[in-house]
Amino acid sequence: MMKVAIVTGGGQGIGEGIVKQLAEDGFAVAVADINTEAAQRVAEEVGNGSKGYSVNVASHDEVRKLVEDVVADFGHIDVMVNNAGICRVEPFLEQTDEALDDLLNINVKGAFYGTYEAAHQFIKQGTKGKIINASSIAGHEGFTPLAAYSATKFAVRGLTQTAAKELAQYGITVNAYCPGIVLTPMWDEIDRRLGEINHVPVGESLKATMKGIALGRGETPADVANLVSFLASEKSDYITGQAILVDGGMKYV
């Protein structure tokens with residue numbers, strides 16, 4: 001039977017890297033993204049029976065429908081990767097309610113709804129399952145000026161640990177991956193905003209941050225995808241409730 005994985009935010013960046021790796025691992029991937037065209041493009045590129053879906057992970061109804069649609073198309077699911085997320089760079093004293101709401105709705109509620117719906121589906125199927133959430137280095141150590149973002153990623157760690165304890169009785173594992181400085185368009189925007197806040201040229205903030213990476217290079221989506229590949233495989237069957245750093249050995253300052 002073909003293994004099936006759902007990847008939210010799979011239309012670009014880290015999510016696209018995860019989709020490519022899981023397809024290489026033999027999964028048919030349900031590529032879900034708020035950008036439907038991007039999701040369909042990535043699904044077509046990776047093949048293996050993969051299919052694109054539209055979803056706004058901030059909506060419980062849409063996440064529920066996503067799982068229902070994937071099950072209708074493939075018959076079951078084996079892995080849920082709650083990857084969709086956003087970042088807003090704002091000094092704490094300038095934090096806006098709008099940015100905070102966006103971060104909570106997508107980063108926290110998106111992971112919560114995905115975990116909730118996938119768990120119900122695994123139980124309904126009577127099968128084991130794997131749920132993999134997107135946290136961050138900022139979910140292990142608070143980063144400035146990323147108070148709200150860090151708070152959401154700490155929340156994902158808490159969700160992951162608690163869900164892992166409650167769902168273990170059903171054979172469902174729940175883990176999280178915690179990337180560092182991944183060289184995607186998201187980090188281009190972070191660098192731009194840090195430059196505005198700290199009055200330095202574009203690129204300088206990224207360069208300074210990368211000096212703290214022990215392995216001496218920025219991270220690629222493939223680096224993250226390799227960890228997700230392991231967490232989605234049988235090799236990780238005895239691992240649950242973990243939020244694993246994949247950051248090249250960053251120094252927290």
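**Reading contacts, cores and a helix**

Trainee: Which residues is Val-29 in contact with, leaving aside its neighbours within four places in sequence?

Mentor: Contact means heavy atoms within 4.5 Å. For Val-29, that gives you Ala-5, Val-7, Val-19, Leu-22, Ala-23, Ser-50 and Lys-51. Keep in mind that this is a predicted model: local features need pLDDT of at least 70, side-chain atom pairs count only at pLDDT 80 or more, and totals for chains, interfaces and linings use all residues. Residues are numbered from 1 along each chain as its sequence is written, and side-chain values use heavy atoms, with hydrogens and water left out.

Trainee: Okay, how do I read a nonpolar core, and how many residues has the largest one?

Mentor: In soluble globular proteins, nonpolar side chains tend to be buried together. A nonpolar core is a set of buried Ala, Val, Leu, Ile, Met, Phe, Trp, Tyr and Cys residues joined through side-chain atoms within 4.5 Å. Buried means under 20% relative accessible area, exposed over 50%, and partly exposed in between, using a 1.4 Å probe and protein chains only. Here the largest core has 27 residues, and those with the most contacts inside it are Ile-18, Leu-22, Val-29, Val-81, Ile-132 and Tyr-177. There's also a second, separate core of 25 residues, which includes Val-57, Leu-66, Met-80 and Ala-163.

Trainee: Which residues of H3 are buried, and why do they line one face?

Mentor: An α-helix has 3.6 residues a turn, so residues three or four places apart point the same way. In H3, Val-63, Leu-66, Val-67, Val-70 and Val-71 are buried. Looking down the axis of H3, its buried residues fall within an arc of 125° (taken from the directions from the helix axis to the C-beta atoms), so they line one face. The face turned away from that buried side carries the exposed Asp-61 and Ala-72. What covers the buried residues includes strands E1 (3-8), E2 (27-33) and E3 (51-54), plus helix H4 (97-125).

Trainee: And Ser-229: buried or exposed?

Mentor: Ser-229, found in helix H8, counts as buried because its relative accessibility is 15%. Leaving aside neighbours within four places in sequence, Ser-229 is in contact with Gln-21, Leu-22 and Asp-25.

Definitions and conventions: Helices (H or I, at least four residues) and strands (E, at least two) are DSSP runs, numbered from the N terminus.
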